[in-house]
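Student: I have a model open and want to learn how to read its features. Can we go through it together?

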Amino acid sequence: IDVSLKPIMSSYLEQLEGRLRDEGYAGRLLVVTSQGMTKDAKEVASAPIHAVKSGPAMAPVAGRHYAQLAGLGDTAIIADTGGTTYDVALVRHGEIPETRETWIGRPYIGHMTGFPSIDIRSVGAGGGSIARVDEGGLLRVGPESMGASPGPACYGAGGDRATVTDAALTLGYIDPGNFLGGRMKLDPMLSRKAIEEHIARPLGIDTEPAALAILALATETMAGAIEDITVNQGIDPRNATLVGGGGAAGLNSVAIARRLGCRHVLFPDAGAAISAVGGLLCPLSDDNSEFHITSSRSFDKNVVNDILERLEKACLSFVQRVDGGSSSKIAYSVEARYAQQIWEIKLPLRASKFRSNHDIDVVVTDFHRLHEEVFAFQDSGAEIEFINWRARVSCDLRHGPLGHIVSTARDSTLAGSRMAWFDDASRDVPVHDFAALPSGKPIEGPAIIETPLTTIVIDPDSTFWRDERSGLVVEVRPGRERQAA
């Protein structure tokens, strides 16, 4: 895969850099990678395997940053809701888990890279996902999507199929005259027509219950993707913060959090462009590794120390080569498993050298603890195999805090109200302008929050407030049944 990509990526990046230089750009051209870091364009051109699925890998980097700013802990679920897909990743104890099972194309049908990348799961559910009734009379949402063109029926660009966005518009969640901050007008009658023709009439129900059913099914699909990745990584979603990124995240992220039992949802102020923000936050980095198998029962301390020393030299050489800025750090880890297992887990190392048998005992204890956290069991008497030794160097290129998206507030905190559906009934719901919300003041739901980039739906029995450092925080109180149709 890497070899096949080299001619294409080398030509593309060379042309891109040439055009930038011709326009007077004198800075550094960096490319994001699938491991949540950036590299110089020439290095990526020489090893383009690093760029596979690199865009979605930026979302957890930004999500971790915003969750820490908001003081919501170091365990988070990062969701990026686009028009076609719903991408989910984790932050576990401040670290972003990796996997070697990164697929190009559909799992088991496409190609697995076998290359360490941030663990991201995707399902075909987003704002443009098409709702339909199948031959058996069951409602389906996705994975097919109307995309940006022609887009949902309400765009008026020729699309005539019902989508998640059409359902949200029909339920009153989206203001047809203030979509994308007023830059685009939507036609709610086209949404109703598409839902009536393709969903309501085949199911024998009214238009609004059909729209509620579309959103409920999309919510269930998205929650299922989160349950899959959290359970597989040893995370109880009830103990994690859900970070809603992507332009369509606001429509049902609170409902997803309630379905999963998450106590808090965070909508970053730049959440609609969460992957782009992650790219700004990524350090200039390099990851070096060396394969050597040793075990806990016959740990080859001298050989391992030699390997770690070589990895450290490679990292320091990288710092000198790229002139990475005023500060750099090296993080060491090893991929390890119980003997004869077929999977490994990435285990952070506390030090760069094993000086005594105590240091070996520490890494063995750390492995047992991590294995129990991820797989819900440990075998303290079993032999551990240490397979692949790694060192990642990170050079901080950023000076000062990340900026904020600034929008002009309306005259009043309360921007108005409109009829919207909650609990199977239409009610008059307050509509707030995010820019006008007072910082730190809790407000009770239900409510709809509007920004130039997204619309956020807050259900009853939830409280929300604006955090000036991170965005909008929603506290989801337990005990209320999720909205269903």
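Student: What do the buried residues of α8 pack against?

Tutor: Ground rules come before that. This is a predicted model: local features need pLDDT of at least 70, side-chain atom pairs count only at pLDDT 80 or more, and totals for chains, interfaces and linings use all residues. Residues are numbered from 1 along each chain as its sequence is written, and side-chain values use heavy atoms, with hydrogens and water left out.

Tutor: Now the packing. Helices (H or I, at least four residues) and strands (E, at least two) are DSSP runs, numbered from the N terminus. Contact means heavy atoms within 4.5 Å. The buried residues of α8 pack against α3 (58-69), β3 (76-81) and β12 (241-245).

Student: Which residues of α8 are buried?

Tutor: Buried means under 20% relative accessible area, exposed over 50%, partly exposed in between (1.4 Å probe, protein chains only). In α8 (residues 274-281), the buried ones are I274, S275, V277 and G278. They lie on the same side of α8 because they cover an arc of only 155° around the axis. That arc is taken from the directions from the helix axis to the C-beta atoms.

Student: Why would such spacing give one face?

Tutor: An α-helix has 3.6 residues a turn, so residues three or four places apart point the same way.

Student: Which exposed residues sit on the face turned away?

Tutor: A276 and L280.

Student: How do I read a strand such as β4?

Tutor: In β4 (residues 86-91), 6 of 6 residues are buried. Y86, V88 and L90 point one way, and D87, A89 and V91 the other. Two strands pair if DSSP finds at least two bridges between them. β4 pairs antiparallel with β3 over 6 bridges, and I77 stands opposite L90. These two strands form a hairpin with 4 residues between them. β4 also pairs antiparallel with β9 (residues 121-123) over 3 bridges, where V88 stands opposite R121.

Student: How many residues does the largest nonpolar core have?

Tutor: First, the idea: in soluble globular proteins, nonpolar side chains tend to be buried together. A nonpolar core is a set of buried Ala, Val, Leu, Ile, Met, Phe, Trp, Tyr and Cys residues joined through side-chain atoms within 4.5 Å. The largest here has 34 residues, and I174 is among those with the most contacts inside it. Its largest share, 7 residues, comes from α6. A second, separate core of 32 residues includes V88 and F434.

Student: How far apart are I449 and F434?

Tutor: 15 residues in sequence, but 5.9 Å in space, C-alpha to C-alpha. I449 is in β21 (residues 447-450) and has a relative accessible area of 0%.
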